Amino acid sequence: MKYAGANRLVLRTHSVAFLADAMLGRIARKLRIFGFDTIYIAHAHDDEILKIGIEQDRVILTADKELFKRIVKVGARGVLVSGRASELEDLAYILTNNGITSVGMNGISSRCSVCNGPMEEKTSDQLKNHERNNDDVDYVVVPDRVIACYNQFFQCTTCGKIYWEGGHLKRIRALIRNLDDKLVGRDCTTTNTASY
Ligand SMILES: [Zn+2]
């Protein structure tokens, strides 16, 4: 039985965009899952990270105190991410510093967690046609039993990965619930370039 029409998901977008530096790959992936446009740069000089952050108006996330000092000095947007008890605390700190008071439960990320590509909605019929046409080499095959059970899918327009309601999303919802609990009641008046 398909879940047509019931609990329909929407693509979740946010206005803040991030740039995560080398040590924050896991954080970057989570922010994408929450719907934030987040690029991850593993190998780059600090000058380049600053340049990209400023040019693309991204909040630079770093665990490097020296880089954060430079972010503050040049007036860029940034958050120093380190020294907290858990990844959940780090995420809550980042979001609070950017005025985000809720991630929201009723949507699916507008960004692919693997590559940050934008997602677009697909129906099960479109996936079947897609398989027949075989016009995308990066297409990831969705098992027939999944296509039989769900009507709504989301595909990354960059790498082709396909997402649907299921166990993975249940775990994400639990994470968002915990995070939103932490965000509620926090003081959101801190600036993006708070000193440390
Ligand atoms: Zn992707």
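1. Start with L179. Leaving out residues up to four places away in sequence, L179 touches F34, L88, L91, A92, L95 and V103. Bear in mind that this is a predicted model.

2. L179 also belongs to the largest nonpolar core, which has 26 residues. Within that core, the residues touching the most other members are F18, L31, F34, F36, L61, L95 and L179. Two of these, F34 and L95, are also on the contact list of L179. Several elements give two or more residues to this core: strands β2 (17-20) and β4 (59-62), and helices α1 (25-33), α4 (87-97) and α7 (167-183).

3. Next, the metal site. Which residues hold the zinc ion? The SG atoms of C112, C115, C156 and C159 coordinate the zinc ion, at 2.3 to 2.4 Å. Angles between the four donor atoms run from 97 to 118 degrees, so the arrangement is tetrahedral. The cut-off for that label is that all angles lie between 85 and 135 degrees.

4. Along the chain, the zinc donors are spaced as C-x2-C-x40-C-x2-C. C112 sits in the loop between β6 (107-109) and β7 (119-123). C159 sits in the loop between β8 and β9 (162-164). The pair therefore ties together parts that are 47 residues apart in sequence.

5. C159 has 23% relative accessibility, so C159 counts as partly exposed. The limit for buried is under 20%.

6. C149 counts as partly exposed because its relative accessibility is 31%. How many disulfides does the structure hold? The number is zero.

7. Finally, Q152. Q152 is in strand β8, which covers residues 152-156. The zinc donor C156 has a number within that range. At 10% relative accessibility, Q152 falls under the 20% limit and so counts as buried.

8. What does the side chain of Q152 meet? A polar contact of 3.0 Å links the side chain of Q152 to that of E121. Setting aside neighbours within four places in sequence, the contacts of Q152 are R8, L9, E121, K122 and W164. Among these contacts, E121 and K122 have numbers within β7 (119-123), and W164 has a number within β9 (162-164).

Notes:
Residues numbered from 1 in each chain as written. Predicted model: local features only at pLDDT ≥ 70, side-chain atom pairs only at ≥ 80, totals over all residues. Heavy atoms only, no water. Helix = DSSP H or I, 4+ residues; strand = E, 2+ residues; numbered from the N terminus. Buried < 20%, exposed > 50% of the residue type's maximum accessible area, 1.4 Å probe, protein only. Polar contact = N/O pair within 3.5 Å; in protein donor to acceptor, adjacent residues only side chain to side chain. Contact = heavy atoms within 4.5 Å. Core = buried A, V, L, I, M, F, W, Y, C linked by side-chain atoms within 4.5 Å. Donors = N, O, S within 2.8 Å, 3.2 Å for Na, K, Ca; no water. Tetrahedral: all angles 85-135°; square planar, octahedral: opposite > 155°, others 65-115°. Disulfide = S-S within 2.5 Å.
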